[in-house]
Amino acid sequence: MEKTILLTSFQTWLRDQQSNSSDDLLMEVSKIAAIPHDLKFLRCLPVDLHLASSLVIQKIGELQPDYIICCGMAASRTKLSLEAVARDGERVLHTAVNLPKLVAGATITEISHDCGKFVCEGLYYSVLDHLYQTQPPTPCIFVHVPLLNPENLPFILADFLLIINNLALS
């Protein structure tokens with residue numbers, strides 16, 4: 001049975017940025033016709049916590065996806081990073097997704113417990129908080145994407161597609 005998966009990405013936020021690697025990755029995924037899932041894209045979210053959160057939550061209400069994958073750029077990282085938690089001050093929310101099972105077979109992916117202190121963590125926390133208020137909650141993950149280049153793109157893309165497929169099978 002085909003699963004509906006909502007995928008989100010951010011736009012750039014610095015003047016010298018040519019692109020945002022999270023959006024670049026989703027653009028590459030959108031070019032692949034053989035994916036056996038109903039992928040819905042919400043690309044180039046504004047780098048504004050409240051606006052991005054409201055746009056994603058609105059899209060969740062509209063689509064009622066089976067799964068959600070939020071993506072953000074992490075220029076200092078070299079691997080895809082699946083975020084286990086999101087914090088809002090002292091409050092911590094954990095993804096309900098079994099991340100070790102999700103990354104089984106991946107070659108350039110790690111599980112992270114540090115979503116950063118930028119809009120990525122705020123969005124992840126807002127979406128998880130919204131989803132935990134629904135029953136049953138929709139499974140959601142956040143993936144930090146390193147800078148992409150011709151050498152790492154095939155490996156990053158392969159791992160990301162593996163994560164999509166593993167999520168849909170969970």
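Trainee: Is T4 buried or exposed?
Mentor: T4 is buried, because its relative accessible area is 16% and buried means under 20%, with exposed over 50% and partly exposed in between (1.4 Å probe, protein chains only). Keep in mind that this is a predicted model, where local features need pLDDT of at least 70, side-chain atom pairs count only at pLDDT 80 or more, and totals for chains, interfaces and linings use all residues. Residues are numbered from 1 along each chain as its sequence is written, and side-chain values use heavy atoms, with hydrogens and water left out.

Trainee: Ok, what is T4 in contact with, leaving aside its neighbours within four places in sequence?
Mentor: D38, K40, P65, D66 and Y67, where contact means heavy atoms within 4.5 Å.

Trainee: And what joins the side chains of T4 and D38?
Mentor: A polar contact of 3.4 Å. That term is for a pair of N or O atoms within 3.5 Å; within protein, one must be able to donate a hydrogen and the other to accept it, and residues adjacent in sequence count only if both atoms are side-chain atoms. D38 is also the bridge partner of T4 in β2.

Trainee: Which strand does T4 lie in?
Mentor: Strand β1, residues 4–10, and seven of its seven residues are buried. Helices (H or I, at least four residues) and strands (E, at least two) are DSSP runs, numbered from the N terminus.

Trainee: Which way do the β1 residues point?
Mentor: T4, L6, T8 and F10 point one way, and I5, L7 and S9 the other. In a regular strand the side chains alternate between the two faces of the sheet.

Trainee: What does β1 pair with?
Mentor: With β2 (residues 38–45) it's parallel over six bridges, and with β3 (residues 67–73) it's parallel over four bridges. Two strands pair if DSSP finds at least two bridges between them.

Trainee: In what order do the strands of the sheet come?
Mentor: The open sheet has six strands, in the order β2-β1-β3-β8-β4-β7, with mixed pairing. β2 and β7 (109–112) each have a single partner strand, so one side of each is left without a neighbour in the sheet.

Trainee: Switching topic, how many residues of α4 are buried?
Mentor: 10 of the 14, so α4 is largely enclosed by the rest of the structure. Among the buried ones are C120, Y124 and L128.
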